[in-house]
Amino acid sequence: ALNTGSSRDIFSMGEKSIIEAEPLRHSRPFSDREVDANLPYDFRKAVYLEVQSIEEPMFSYLIRFISKAVCSAKSIRADMGKNRSGGLTDDDIDDLLILVKGKGKVGGTRKRKREVQMPSAHIGLGWHSFDFKYDETTVQVTALLQRVGYPVGEAPVFFNSLVLFVDGSDQKPLLKLCQQATESETQQKENRVSLWRFDTKHQFWSRISRRMARSIDSIVLEEGVKKPLLDDLDWFLKDATRTFYAKHGIPYHRCYLLHGEPGTGKTSFMNSLAGHIQRNLCFIQMDKGMTDDTFRNAMTQLPALSMVVLEDVDALFTNHREADHNNSSLSFSGFLNCLDGLGAPDDVVICMTTNHPEKLDPAIMRPGRIDVKAEFKKPNKEIAAKYFLTFYPDAHEQAKVFGAAVGGRIAERKVSMAQLQHFFLACHRQEFQAEKASEYIKEFVFDDIKASSWSSSYG
């Protein structure tokens, strides 16, 4: 029911026209006449729920969930995925897993044919009906996706509204639908890692890609670094540990500080760790739009089962605890409050990284804000030999030769894990077997470690 007033006056002032009208008023998110014509029951005896397009991420969750449930939509939109180019589909990941586990054919010189993916069908404007199952109950849900008003904004967009109807007076089916739509989007799948990023402008989390999880065994670190971290996480994620936290009133979150020079494996370890503990990998990009309120919203609206990554935390603040406004507008107290204060999230793993731990304020380093610190060092010859074996399994003699050959450069701090990764990619490109690779290292020229672009890829 919409009331725009009985009349409106239009008059001119120079080149501008001004429209005087009464404010728009409505008591329902739809037209009574349209609903009466399309809904198979009386809406006055039904429950309806509206979710607006500005209510992200719920709007997107519901659109994707309903699009899968509606079998024969007459009105559809072709969706290629907001960031499809940056990730893999589930079918792509399944194909890769078959190859990685040795159940498919690997090799050859032919380039892989990259096919354009067929878009997914999302419901379009109009009316859609589907059966929704929950708690051994099935109900029919009718959805109205409508566009309201004129396009607005610098890059003009329309305001869309999704209204869901169920017959009767029970609210539970619609609330359960929202719950299942959220679970479907945020639950972590085996052998996959979902990457999420927080939109500081519109203040919501969105999944930007899904990738094949990297095996934790492929990350080669000193046992004094890797094993204590994994043991601590295994302890933290136990049900008994969560119960202990709750019993003693301790906020249930764990924060790790990974520090070391660029290229020593911090980023790679975090990516692998998210797959190992089956958590959503959530990145918070610190920019000028990151204020105290924005950071608090990011931390309180995290997807379920999250692992948050805060990179280069030493660059956030000056020596006087003031925000470095080139990086963010976040205050020091606002940052601390979201680590262990009233704004701290529950059931979350936080990983912070820095190349300069000595620059961090002591207030950040204290227990409760950072629970475990781990230094990522440049590899020694033993680590280099182990890394060799991840590319050439069972080639133990060649691994020893490789470790000895690269040991001198490592001792002079001229080789990082990122550069070793670069070397093995070069070997694969030239199809070198283990013996050839162990000899090739003697003549291989590494880039300057400070200039190497591979530092950022290995982390």
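Two strands count as paired if DSSP finds at least two bridges between them. In this predicted model, S8 and S9 pass that test with nine bridges, and they run antiparallel. The strands form a hairpin with two residues between them. In that hairpin, Asp-135 takes a positive phi near 45 degrees.

S9 spans residues 137–152 and S10 spans residues 157–167. Their hairpin leaves four residues between the strands. Gly-153 sits in the turn, with a positive phi of about 100 degrees. Phe-159 in S10 is the bridge partner of Val-148.

## The chain as a whole

The chain has 459 residues, and 42% of them are buried. It holds 15 helices and 17 strands. Take the contacts in the chain with a separation of 6 or more: 70% of them join residues 24 or more positions apart.

Thr-142 stands opposite Phe-165 in S10.

Beyond its neighbours within four places in sequence, Ile-63 is in contact with Arg-77, His-122, Ile-123, Leu-145 and Leu-162. Ile-123 lies 60 residues away in sequence. Even so, the C-alpha to C-alpha distance from Ile-63 to Ile-123 is 7.1 Å.

The loop between S5 and H2 contains Pro-57. A cis peptide bond joins Glu-56 and Pro-57, with omega about 10 degrees.

## Positive phi in two loops

Most residues other than glycine have a negative phi, and most peptide bonds are trans. Leu-305 has a phi near 50 degrees. Leu-305 is found in the loop between helix H8 (292–300) and strand S15 (306–310). At 39% relative accessibility, Leu-305 is partly exposed.

Glu-431 has a phi near 60 degrees. Glu-431 is placed in the loop between helix H13 (417–429) and helix H14 (434–440). Glu-431 counts as exposed because its relative accessible area is 55%, and the cut-off is over 50%.

## Buried sites elsewhere

Helix H9 covers residues 332–340. Which of its residues are buried? They are Phe-332, Gly-334, Phe-335, Leu-336, Cys-338 and Leu-339. Their cover includes strand S13 (253–260), H8, S15, strand S16 (348–354) and helix H10 (362–365).

Thr-200 is a buried loop residue. It is placed between strand S11 (192–199) and strand S12 (204–212). Thr-200 has a relative accessible area of 18%, so it counts as buried. Apart from neighbours within four places in sequence, Thr-200 is in contact with Gln-285, Asp-287, Gly-289, Met-290 and Thr-294.

## The cavity

How many cavities of 30 Å³ or more does a search of the whole structure find? It finds one. The largest cavity has a volume of about 80 Å³.

Its lining has seven nonpolar, one polar and four charged residues. Among the lining residues are Val-220, Leu-221, Glu-222 and Val-225. Others lining this cavity include Glu-375, Phe-376, Lys-377, Lys-378, Pro-379 and Asn-380. Ile-383 and Met-417 also line the cavity.

Terms used. Residues numbered from 1 in each chain as written. Predicted model: local features only at pLDDT ≥ 70, side-chain atom pairs only at ≥ 80, totals over all residues. Heavy atoms only, no water. 1 Å grid on protein atoms, 1.4 Å probe; cavity = no way out; pocket = protein on both sides within 12 Å on 5 of 7 lines; lining within 4 Å. Points joined across faces, edges and corners; volume = space filled by probe spheres on them. Nonpolar A, V, L, I, M, F, W, Y, C, P; charged D, E, K, R; others polar. Contact = heavy atoms within 4.5 Å. Buried < 20%, exposed > 50% of the residue type's maximum accessible area, 1.4 Å probe, protein only.
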